[in-house]
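Here is a briefing on selected features of one structure.

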Amino acid sequence: MDEVKDLEGWLLPWLNQYVPQFAKLAYTGIALALIVIISLGIHFVLHRVVLRWVEGRTRGTQRIWRRAFFERKLFGRLALTLQGIIIYIQAGLWLKGDTILLPAIQTAVNMWILLYALLSLYSLLDALLDIFRQRPAMRTFPLRGIFQSVKLIASIFIGLLIVSTLIGKSPVILLSGLGAMTAVLMLVFKDPIMGLVAGIQLSANDMLAVGDWLEMGRYGADGEVIDIGLTTVKVQNWDHTITTIPTYALISDSFKNWRGMSESGGRRIKRSVLLDASSVRFLTEDDIQRLQKSRLLGDYLNEKVQEITRYNSGKQTDMSLLVNGRRLTNLGTFRAYLGVMLREHPHIHQQMTLMVRQLEASSNGIPVEIYAFTNTTSWVVYEGIQSDIFDHIFAVLPEFDLRVHQTPTGYDMRMLAHHEQPKLKKVM
């Protein structure tokens, strides 16, 4: 308080000499003017000189750092926090303790400092989030949800300090009464609390990360995760719509994460072609000779014919009846053809499961399923590979005298009626 006494001892005698009735009021006005002038000077130096100099010095740095610390207004808010501290110190230096304005100014400045300290923390967390998002190793963590949790806790804490400043009570008193409000707080902040817990579980178990392909039918989500927040997860669907899912729903409900497929380097083909059961038959000698000309089937048929011949000769089988002995079928040969074709296909992953299997027959025909993996995970390329394979399958079926099963259409009915009409006329 020596500075106050020096200023007061220098000004008051002069003020008492010229304005004795308003000496204290004039002194208070001069002290306020001094605080304002010094504060404006510091504001000019910090914002017009220091911050511009720092920004100029960082122009050669990466854009992410400049954006993190300048576009997020971190330094500007720290400067305003520092200005509040300086005003608080000035008020204690230039104003006397019995001045009515001193408590009001200090209370307002305290709120100023707390508010801008909170905003500075917000800017710092946003800046760190921008920086961490550029690091591939940190993209798997739900940092935005964690930082939002820190913001929420800091906001509650600063709010308690502001209230305690306004009522002039210690924040410990407010914290002691906070236990009675726990149930209310749990109800009000139910979603943030559940989201925080869910975010920690998602991160600890590596269940979801930004950039993953998420499929969750209950919420109509099928696309890329673009944001994991405290209370919501945003998914950009493949039709470019945005689906918002509560974060805790990812823990309470099931969802499909396609990350494993993307990281494996192969995407599964699991599709069937339905064959007409009435088209399945044994191969004749002519069929075998014709199909042996196929590059993919030549070795298979030669080996299979020798094996079957040895078997039937050993059993002395009467081959005049079709029910006797072993024989090649057009369906079995077709499956063997597909297996060889897939093993030689340049876009099929040969280190993953690859098979052609026959599923249970039904009223819709006999399903022959292709189960394989492409050597790419690109959706567009994958669909092209899959379509090319089945184009070839449908085109090659007549070579094996097999037919695709399909329900009769109106065109089939009209053709049947057209063929039956001449027969009816002849009968008439």
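Helix H15 lies across strands E6 and E8, running at about 25° to E6. Here helices (H or I, at least four residues) and strands (E, at least two) are DSSP runs numbered from the N terminus, and angles run from 0 to 180 degrees between N-to-C directions, with axes as lines fitted to C-alpha atoms, for helices over the stretch in contact. The model is predicted: local features need pLDDT of at least 70, side-chain atom pairs count only at pLDDT 80 or more, and totals for chains, interfaces and linings use all residues. Residues are numbered from 1 along each chain as its sequence is written, and side-chain values use heavy atoms, with hydrogens and water left out.

**The sheet**
- Three strands form an open sheet in the order E6-E8-E7, with antiparallel pairing (two strands pair if DSSP finds at least two bridges between them).
- Strand E6 (267–275) and E7 are the edge strands with a single partner strand each, so one side of each has no neighbour in the sheet.
- On average, neighbouring strands of this sheet are turned by 20° against each other, direction ignored.
- The antiparallel pairing of E6 with E8 runs over nine bridges.
- Leu 274 stands opposite Pro 367 in E8.

- Thr 376 sits in the loop between strand E8 (366–374) and helix H15 (379–396).
- With a relative accessible area of 19%, Thr 376 is buried (buried means under 20% relative accessible area, exposed over 50%, partly exposed in between, with a 1.4 Å probe and protein chains only).
- The Thr 376 side chain reaches the backbone nitrogen of Ser 378 at 3.2 Å.
- Apart from neighbours within four places in sequence, Thr 376 is in contact with Gly 265, Gly 266, Arg 267, Val 381, Tyr 382 and Ile 385 (contact means heavy atoms within 4.5 Å).

**Salt bridges**
- The structure holds 13 salt bridges (a side-chain nitrogen of Lys or Arg within 4 Å of a carboxyl oxygen of Asp or Glu).
- One network of salt bridges links Arg 281, Asp 287, Arg 290, Glu 399 and Asp 401.
- Asp 287 is buried at 10% relative accessible area, whereas Arg 281 is partly exposed at 27% and Arg 290 is partly exposed at 36%.
- Arg 290 and Asp 287 both belong to helix H12 (residues 285–291) and are three residues apart, about one turn of the helix.
- An α-helix has 3.6 residues a turn, so residues three or four places apart point the same way.
- Another salt bridge joins the side chains of Arg 295 and Glu 344 (3.0 Å, N to O).
- Arg 295 is in the loop between H12 and helix H13 (298–315) and Glu 344 in the loop between helix H14 (330–343) and strand E7 (355–358), so the pair ties together parts that are 49 residues apart in sequence.
- Arg 295 is exposed, with 66% relative accessible area, and Glu 344 is partly exposed at 46%.

**Helix H6**
- Helix H6 (residues 143–167) has 25 residues and reaches 36 Å from its first C-alpha to its last, close to the expected 36 Å (1.5 Å times one less than its number of residues).
- Among the buried residues of H6 are Leu 143, Phe 147, Lys 151, Ile 158 and Leu 161.

Key: Polar contact = N/O pair within 3.5 Å; in protein donor to acceptor, adjacent residues only side chain to side chain.
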